Structures are given as C-alpha cells and as structure tokens.
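Here is a short report on selected parts of one protein chain. Keep the sequence and the 3D view at hand while reading.

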Amino acid sequence: MYENIKYEVKGNLGYLTINRPKALNALNTDVLAELADALKEIEADDAVKAVIVTGEGKAFVAGADIAQMSKLNAVEGRAMMQAGHKVMNTIDQMPKPFIAAVNGFALGGGCELAMACDIRIASSKAKFGQPEVGLGIIPGFCGTQRLSRLVGKGMAKYLIYSAEMINAEEAFRIGLVEKVVEPDALMETAEKLANTIASKAPIAVAQAKIAINNGFDMDLKSASQLEVEATTVCFGSEDQKEGMAAFLEKRAPEWKKR
Ligand code: CAA
C-alpha cells in the first residue's frame with residue numbers, strides 16, 4: 001500500500017519505517033503524504049499502544065528532499081513546509097507514545113522527525129544536525145522550535161547557525177537523545193522500552209503525554225491546572241480502579257483500556 005514507507009503492526013507495537021534508502025530516506029512530498037496516511041491508521045487502531053519510528057538502511061532520515069526543494073517557489077515551499085509541520089505536529093499531539101530508533105543520519109527534517117517523537121534512542125553510529133542554513137533556508141519542519149525546547153536556546157542557535165553535525169554521544173550530552181546503544185542493540189532497546197510503556201495503563205500514558213506536551217508551553221499555573229484535569233480523566237477511568245486494586249491485591253493489572 002505504501003511505496004516510500006513501511007508500516008507494520010506486531011503485537012501492541014506499530015513500526016513506521018521511512019523506506020527510501022537510495023536517497024537516505026529524504027522526505028519528499030510523497031513520503032510526507034504517506035506518513036500522514038499511516039498516522040491516521042495508527043490513531044484509529046486501539047491495538048497499537050506505542051510506535052517505533054526508524055529508517056531503512058544507513059540513514060534515519062537525511063532531511064527534506066533537496067532535489068525536490070531546489071525547484072520550489074515560495075508558495076510551493078510553504079506548502080511543503082506546512083505538510084511537514086502537519087506530520088510532526090500529528091505525532092506530537094497524538095496521545096500515543098512514539099519512540100525514534102535513530103539508526104543513522106538524522107539531519108534537517110530527519111532530526112525534526114526524531115524530535116517530534118516522545119523519546120529518542122540512538123545507535124552509536126547516528127549523526128544529528130540541522131544543516132539548512134548551508135542550503136539557504138532554515139529548519140522548516142519545526143526544528144527552530146523543538147530543538148530550542150529540547151536543548152535550550154543557546155545550543156539550538158549553535159547547531160542551527162553553524163550547521164554542525166554531531167555524533168550520538170554529543171547528542172546525548174546535550175539532551176537531544178535519551179539513550180545511546182550499540183547499533184545491534186538499537187531495535188531491541190527500542191522494543192523493550194515500547195513494550196514496557198505498552199504494559200502500563202494506556203489512558204495514563206496518553207494523559208501524561210497530553211499534560212507534558214501541552215503544559216510545556218503554558219505558564220506554570222495553567223499547566224498545573226492542566227495536570228489536575230488530566231489526572232481527573234484518569235480517576236474517571238476503569239483502569240485507575242484496576243491499577244490500584246491490582247496493587248493492593250498484589251497481582252498484575254489487567255487493563256480494560258478505558
Ligand atoms: N535530499 C535529497 N537527496 C538526498 C538527501 C536529501 N536531504 N540526502 C542524501 N540524498 C541523496 C544523495 O543526493 C545521494 O543521491 P545519489 O546517489 O543519487 O547521488 C544519496 O542520497 C546518497 O547520499 P550521499 O552520496 O551524499 O551519501 P554520503 O554518505 O556521502 O553522505 C550525507 C551522507 C552527509 C547525509 C549527505 O548525503 C548529506 O549531506 N545529505 C544532505 C543533508 C542535509 O542537508 N539535510 C537537510 C535538508 S534541508 C531540510 O531538511 C529542511 C527542513 O528542515 C525541512
């Protein structure tokens with residue numbers, strides 16, 4: 001069904017793989033459209049509790065497609081950037097956890113895709129960067145915003161103004177990734193984390209994502225109220241009753257998923 005991506009479901013996990021290895025998985029408008037469709041599938045499928053995003057071959061994603069962008073005028077460029085923002089924001093706002101398993105180059109739009117995910121696990125071979133100013137543009141899939149929120153304004157300016165490419169250890173040091181593992185251990189580590197998250201109450205994980213992602217950009221008073229409301233949703237669920245009963249009865253919870 002898809003030509004430029006692969007989407008598979010195994011157990012409780014969705015696997016979203018960018019699959020244009022000849023172009024180092026560069027994101028053109030076809031890839032973005034397929035990603036948007038796959039995200040609709042993911043959102044509608046209650047069986048999918050967590051999603052792993054990765055790239056086929058030696059790159060995670062080496063950026064937006066430069067060959068395609070080189071021909072765009074301002075109106076067309078804007079449309080492509082809007083399509084990229086839509087994909088990134090859908091991942092950011094969907095109340096399901098997304099884990100980026102960064103297997104190689106995560107540059108430009110690739111770094112932005114990784115940043116839109118909730119958690120980033122990197123192979124020790126991965127490389128990160130926002131090379132756009134060297135091409136006459138700026139990060140266009142929300143990198144100016146997500147990078148500064150993840151690593152701070154000063155480091156974001158350092159990376160974006162210099163277009164410097166950094167290795168996985170440096171990405172870990174500055175807080176751009178949460179874990180670095182040997183290449184062979186990447187998928188196993190991502191799956192283990194995804195399965196751990198999938199074993200928790202889905203409504204609680206969803207409300208945690210809503211509270212963290214939406215609260216982050218609010219003032220503390222509003223964000224604290226958002227957390228109260230998100231917790232209230234949990235208290236209204238069967239899974240809050242089940243999770244606490246299971247603890248008190250010293251047994252594993254059986255989530256009702258509501
Ligand atoms: N767009 C289109 N094609 C790309 C690409 C991209 N972003 N990145 C790599 N490719 C293509 C290459 O053109 C090459 O194609 P051909 O075999 O047809 O020549 C193929 O993928 C393999 O790439 P290389 O031969 O360059 O591989 P390498 O191992 O020598 O170098 C690399 C790897 C350092 C990642 C290099 O490919 C590179 O610098 N790529 C561009 C990275 C970049 O600038 N990304 C930012 C794009 S702008 C952006 O993303 C804007 C935004 O925010 C939305």
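Partly exposed means a relative accessible area between the buried limit, under 20%, and the exposed limit, over 50%. The model is predicted.

**A nonpolar surface patch**

Start with Ile137. Its relative accessible area is 36%, so Ile137 is partly exposed. Ile137 sits in the loop between β8 and α5 (143-151). Leaving aside residues up to four places away in sequence, Ile137 touches Met69 and Glu132.

Ile137 belongs to a nonpolar patch on the surface, together with Ile66 and Leu135. Their accessible area together is about 260 Å². Ile66 comes from helix α2 (residues 66-69). Ile66 is also partly exposed, with a relative accessible area of 45%.

Two residues in the loop between β2 and α1 (29-44) deserve a look: Leu24 and Asn25. Leu24 is not a glycine, yet its phi is positive, about 50 degrees. Asn25 is likewise a residue other than glycine with a positive phi, near 65 degrees. Is Asn25 buried or exposed? At 0% relative accessibility, Asn25 is buried. Leu24, at 26%, is partly exposed.

The table lists relative accessibility for the residues discussed so far.

| Residue | Relative accessibility | Class |
|---|---|---|
| Ile66 | 45% | partly exposed |
| Ile137 | 36% | partly exposed |
| Leu24 | 26% | partly exposed |
| Asn25 | 0% | buried |

β2 is mostly covered, with six of its six residues buried. Leu13, Tyr15 and Thr17 point one way from the strand. Gly14, Leu16 and Ile18 point the other way.

Strands of a sheet pair through backbone hydrogen bonds, either parallel or antiparallel. Both senses occur around β2. Strand β1 (residues 5-10) runs antiparallel to β2, joined by six bridges. Ile5 has Ile18 of β2 as its bridge partner. β1 and β2 form a hairpin with two residues between them. Gly11 lies in that turn and has a positive phi of about 60 degrees.

β3 pairs with β2 in the parallel sense, again over six bridges. Here Thr17 stands opposite Thr54 in β3.

**Helix α8**

Helix α8 covers residues 186-198, 13 residues in all. Its span from first C-alpha to last is 18 Å, close to the 18 Å expected at 1.5 Å a residue. Which residues of α8 are buried? They are Leu186, Thr189, Ala190, Ala194, Ile197 and Ala198.

These buried residues pack against several strands, including β2 (13-18), β3 (50-55) and β5 (98-102). β7 (119-123) and β10 (179-181) are also among the elements they pack against. So is another helix, α9 (202-215).

**A four-stranded open sheet**

Another group of strands forms an open sheet, in the order β4-β6-β8-β9. The pairing is mixed. β4 (59-61) and β9 (166-167) stand at the edges. Each has a single partner strand, so one side of each is left without a neighbour in the sheet.

Inside that order, strand β6 (residues 105-107) and strand β8 (residues 127-129) pair in the parallel sense. Three bridges link them. Phe105 has Lys127 in β8 as its bridge partner.

Terms used. Residues numbered from 1 in each chain as written. Predicted model: local features only at pLDDT ≥ 70, side-chain atom pairs only at ≥ 80, totals over all residues. Heavy atoms only, no water. Expected span 1.5 Å × (residues − 1). Buried < 20%, exposed > 50% of the residue type's maximum accessible area, 1.4 Å probe, protein only. Contact = heavy atoms within 4.5 Å. Patch = residues over 30% accessible without salt bridge, like charges linked within 9 Å, V, L, I, M, F, W, Y side chains within 5 Å. Areas by Shrake-Rupley, 256 points an atom, 1.4 Å probe, with all protein chains shown as cover. Salt bridge = Lys/Arg side-chain N within 4 Å of Asp/Glu carboxyl O. Pairing = 2+ DSSP bridges.
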